[in-house]
Amino acid sequence: MFEKVLIANRGEIALRIHRACREMGIATVAVHSTADADAMHVRLADESVCIGPPPSSKSYLNIPAILSSATLTGADAIHPGVGFLSENARFAEMVEEHGITFIGPTSEHIAMMGDKVRAKVAAKELGLPVVPGSEGAVTSFEDARSIAGDAGYPVLIKASAGGGGRGMKVARNEGELQDAYRMARNEAKSAFGNDEVYLEKYLQKPRHIEVQILADGKGGAIHMGERDCSLQRRHQKVLEEALSPALNAEERHRIGEIARQAILKMGYESAGTLEFLYEDGEFFFIEMNTRLQVEHPISEAITGIDLVREQIRVAAGHPLPFSQEDVSFSGHAVECRINAEHPKTFAPSPGQIKEYHPPGGLGVRVDSAIFGGYRVPPHYDSLIAKLVVHGQTRNECLMRLRRALGEMVIEGIETTLPLHRDLVNDPDFINGDYDIHWLEHWMGERD
Ligand code: ADP
């Protein structure tokens, strides 16, 4: 097993990884920007190294500084967390070139899934159902027009290098296609430096269903059921639940097995997520995330499996200690993402937290790196806490979630807590009756 792991991240996820390491008897190295000198992950880690000034490009994305910190401290592995360098194939490769283990999949798998056109072609070969559309990149407007004609409108133009919903444009008819094609390419070019795009049928009222998988690259692979992440604002997830209230047992088993077989065929190693859109009983693969995800705790809650611990064990060369038959789903879990943002305008709200009281009690988990007096820096993602609640049934889970949201206090800055308090009392949400557009409509009506 590793003796020392460097955590190349910040905030709650850095703390999450530190906790897994500490429970495994592994020493931790925190890296941080000057803005995070007094952060909780820095305080709790065994060692810490300052890697640069506040902007991420100069600190958390600063590969030379991170690699030299690992070498200086004698870390034998690096966990990239989520975001930042977690899906950077070149980084994974460089870590390995330095004789350090990258806790994650191979750089080849990261590169393959990071290019959405390649990923979709690979997905099809792996037996995953995909959204109808272009067979690869769309190379001209004429090409786009003929494929859109075959797929049927509305269609979506998506960037090969896409992420965070950028570089995606809907065309409802042929008249809109030219602008959508041009705008998607321009946006992709400026956001990712790559204007390659592809075309998909635009599904009208799908749910976002993703399957958590875990594999050791040695023939051991499991799926941990699905998460329903349909509640999104501008393609950003707001609240997630596991299992999905929309799937029946047969559908769950079917998509879980398809995902498991696909990663076995790939020879994938580590944790990962296969994202699908689900409409009228059918699943359509959209992308694979080759990393841990923000919402992983709800899958942990229903299976009792510590995903970070297993990622570390697998990276150290151990086979998975369980097979699919050993995985069972117990109860229901929901995660609320609490952001330092105004609950209606979503304007960022950095600043000092005057008072902080996290909720507790049976089935309540708060993953957060904040504390009373902490200053939320303006430079990074606005996620400051994840409230994860588990109950024996969905109803018990929601009753407990309302109770926990009622107890939670974060004062001094604006947060999205009020949004969650309203959301969990909405009849459609309570009935599990929502698709990927529902939240934005609901927010529009709320104003
Ligand atoms: P990104 O990597 O930019 O997040 P995704 O491919 O994961 O892009 O898509 C993000 C979101 O966009 C999905 O969760 C879904 O809400 C929407 N979306 C993507 N593809 C389609 C599609 N073919 N039809 C309808 N909505 C889609």
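The crossing of helices H1 and H11 is right-handed, a term that applies when the near helix is turned clockwise from the far one by less than a right angle. This is a predicted model, in which local features need pLDDT of at least 70, side-chain atom pairs count only at pLDDT 80 or more, and totals for chains, interfaces and linings use all residues. Residues are numbered from 1 along each chain as its sequence is written. Helices (H or I, at least four residues) and strands (E, at least two) are DSSP runs numbered from the N terminus.

**Helix pair H1 and H11**
- The axes of H1 (residues 11–23) and H11 (residues 307–315) come within 9 Å and cross at roughly 65°; axes are lines fitted to C-alpha atoms, for helices over the stretch in contact, and angles run from 0 to 180 degrees between N-to-C directions.
- Arg-16, Ile-17 and Ala-20 of H1 meet Val-308, Arg-309 and Ile-312 of H11, contact being defined by C-beta atoms, placed from the backbone, within 7 Å.
- Four nonpolar, no polar and two charged residues make up this contact of H1 with H11; Ala, Val, Leu, Ile, Met, Phe, Trp, Tyr, Cys and Pro count as nonpolar, Asp, Glu, Lys and Arg as charged, and the others, Gly among them, as polar.

**Domains**
- The protein is divided into domain 1 (4–85), domain 2 (132–201) and domain 3 (207–446), with bounds from an automatic or database domain assignment.
- The C-alpha centres of domain 1 and domain 3 lie 23 Å apart, and 21 residues of domain 1 are in contact with 19 residues of domain 3.
- H1 gives the most to the side of domain 1 that touches domain 3, with seven residues.
- That side of domain 1 divides into 12 nonpolar, five polar and four charged residues.

**Three-stranded sheet**
- An open sheet has the order E7-E6-E8, with antiparallel pairing; strands pair if DSSP finds at least two bridges between them.
- Strands E7 (168–171) and E8 (197–201) each have a single partner strand, so one side of each is left without a neighbour in the sheet.
- E6 (residues 155–159) and E7 are joined by four bridges, and Ile-157 has Lys-169 in E7 as its bridge partner.
- Helix H8 (residues 174–192) packs on the sheet, touching E6, E7 and E8, and its direction makes about 180° with that of E7.

**Ligand shell**
- Of the 18 residues around the ligand, Gly-162, Glu-200, Leu-203, Ile-286 and Ile-436 come nearest; a residue is near if its C-beta atom, placed from the backbone, lies within 6 Å.
- The shell divides into eight nonpolar, seven polar and three charged residues.
- The ligand lies between domain 2 and domain 3, because both give residues to the shell around it.

Terms used:
Two residues are in contact if their C-beta atoms, placed from the backbone, lie within 7 Å.
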